[in-house]
Amino acid sequence: MALPATVTTLLSLTEPQMVKFVRTHRWPDYRAKQILRWIHQRRLRTITDMTDLPMHDRIAMSQSATIGRSSDVAVLSSRDGTRKLLLTLNDGMSIEAVLIPDEDRLTLCVSTQVGCMLDCGFCLTGRMGLKRNLKLHEIIDQILTAQDMLRSDEHITNLVFMGMGEPLANLDCLKAAVTALTNKSWGLGWSRKRVTVSTAGLASRLPDVAALGVNLAISLNATTEEQRRELMPAASEIASLSSLLAACRRYPLASHQRLTFEYVLLAGVNDHVTDARRLVQLLRGMRCKVNLIPFNEFPTGPFHRPSEQAIRRFQSILRDACLDAFVRKSRGRDVFGACGQLGELSSPATAPPPLP
Ligand code: SF4
């Protein structure tokens, strides 16, 4: 049966919007939570399978609504166990989410935009430009689809909004997605401690992340204004390095929290001893840790990955100054699923074939 011109996408509704939706059908308010549970907790794909609703109501709903799950999903599996999910959206655009196993953790990296407006020099996604913000159902669908793919002995331990796009540029959807993820009554019931939002530096929106109660990561990558302007020109326009760090110092950390600074190490560009020493000075006194990310190369990228020796030297300088500094393992590089590699290389024409 053809759907009417205005079709409600159920996964895009917040709880108040779902209540409004059920009222338009003259159903009782408790029906809102029933529907939300079906689509979030049970990951239902077919409205008529909501078996605790009367059949005539299910039929009525399926004539005016759709759940909003994507049906077109491809998975690229890396040798190291990383799985990249390529989801095709209704308008034909595609986005990526990445499942990253690491010892006892399984992290899901989620996208918030198609492409990105910020054009950081070391990031493939930025090359695409911004196509559009993702809608709420398109963000939630990445999480539900990843859960559908898990083996019975797996569960996602951490979720990072660090995929394609700048999460704080799609703030309303980010907030609604975190609400759905953490709602215990009808959502996935996750602890906010397991969720991290990463920003390239939208300093004025950091208080919004604090209000969400999730962890904050800042993609820093430079230790002088000039260096940051060169590497992250658009982000630097929005907030200078000094104003970003000032906003970080004002950030109201809960007692269990600390800030994470991400620092992509680029050979001969920002991996010098002097860079490490300046980084120590900039972060002095902050409750934070530093994740060092050796650059993940991609064809036509202008940068190179530093040597192991340069990476360890950089880390040692931070550690000697009592900064917690970790070198992030590069995962999923063979399927372009590593940090900074999400984007156009995943099109069918360029993506490497899935590994057996
Ligand atoms: S690093 Fe993040 S903010 Fe910068 S271009 Fe890539 S996706 Fe956008």
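Where is the place of Arg26?

Modeller: Arg26 sits in the loop between H1 and H2. Helices here are DSSP runs of H or I with at least four residues, strands are runs of E with at least two, and both are numbered from the N terminus. Two ground rules come next. Residues are numbered from 1 along each chain as its sequence is written. The model is predicted: local features need pLDDT of at least 70, side-chain atom pairs count only at pLDDT 80 or more, and totals for chains, interfaces and linings use all residues.

Start with the backbone. Arg26 is not a glycine, yet it has a positive phi of about 60 degrees. Most residues other than glycine have a negative phi. Arg26 counts as exposed because it has 6 C-beta neighbours inside 10 Å. The scale runs on other C-beta atoms within 10 Å, with C-beta atoms placed from the backbone: 20 or more is buried, 12 or fewer is exposed, and in between is partly exposed.

Now the helices on either side of that loop. H1 spans residues 15-24 and H2 spans residues 30-40. They pack at an angle of about 120 degrees, with their axes 8 Å apart. Axes are lines fitted to C-alpha atoms, for helices over the stretch in contact, and angles run from 0 to 180 degrees between N-to-C directions. H1 and H2 are therefore oblique to each other. Under 35 degrees is roughly parallel, over 145 roughly antiparallel, 65 to 115 roughly perpendicular, and the rest oblique. The crossing of H1 and H2 is right-handed. That label applies if the near helix is turned clockwise from the far one by less than a right angle; anticlockwise gives left-handed.

Who meets whom? From H1 come Glu15, Met18, Val19 and Val22. From H2 come Arg31, Ala32, Ile35 and Leu36. A contact means C-beta atoms, placed from the backbone, within 7 Å. Those four H2 residues are buried, and Trp38, Ile39 and His40 in H2 are buried too. The buried residues of H2 pack against H1 and H6.

The chain is assigned domain 1 (8-66) and domain 2 (73-346), with bounds taken from an automatic or database domain assignment. Their C-alpha centres lie 34 Å apart. In contact across the boundary are 10 residues of domain 1 and 15 residues of domain 2. H2 supplies four residues to the side of domain 1 that touches domain 2, the largest share.

The largest nonpolar core has 93 residues, and Ala177 and Tyr263 have the most contacts inside it. Such a core is a set of buried Ala, Val, Leu, Ile, Met, Phe, Trp, Tyr and Cys residues joined through C-beta atoms within 7 Å. H6, residues 171-182, gives the most to this core, with seven residues. Domain 1 and domain 2 each put at least three residues into the core.

H6 has another partner, H5 (residues 136-149). The two pack at an angle of about 40 degrees, with their axes 9 Å apart. That angle makes H5 oblique to H6. The crossing of H5 and H6 is right-handed. On the H5 side the meeting residues are Leu136, Ile139, Ile140 and Ile143. On the H6 side they are Cys173, Ala176, Ala177, Ala180 and Leu181. Setting aside neighbours within four places in sequence, Ala177 is in contact with Leu136, Ile139 and Ile140.

Back to the backbone for a second case. Cys322 is a residue other than glycine, and its phi is positive, near 65 degrees. Cys322 is in the loop between helix H12 (308-320) and strand S14 (324-327). With 9 other C-beta atoms within 10 Å, Cys322 is exposed.

One more loop residue is Arg287, between H11 and strand S13 (288-294). Arg287 counts as exposed, with 12 C-beta neighbours inside 10 Å. Arg287 and Leu259 are 28 residues apart in sequence, but 6.4 Å apart in space, C-alpha to C-alpha. Not counting residues up to four places away in sequence, Arg287 touches Leu253, Arg258 and Leu259.

Note on methods
Two residues are in contact if their C-beta atoms, placed from the backbone, lie within 7 Å.
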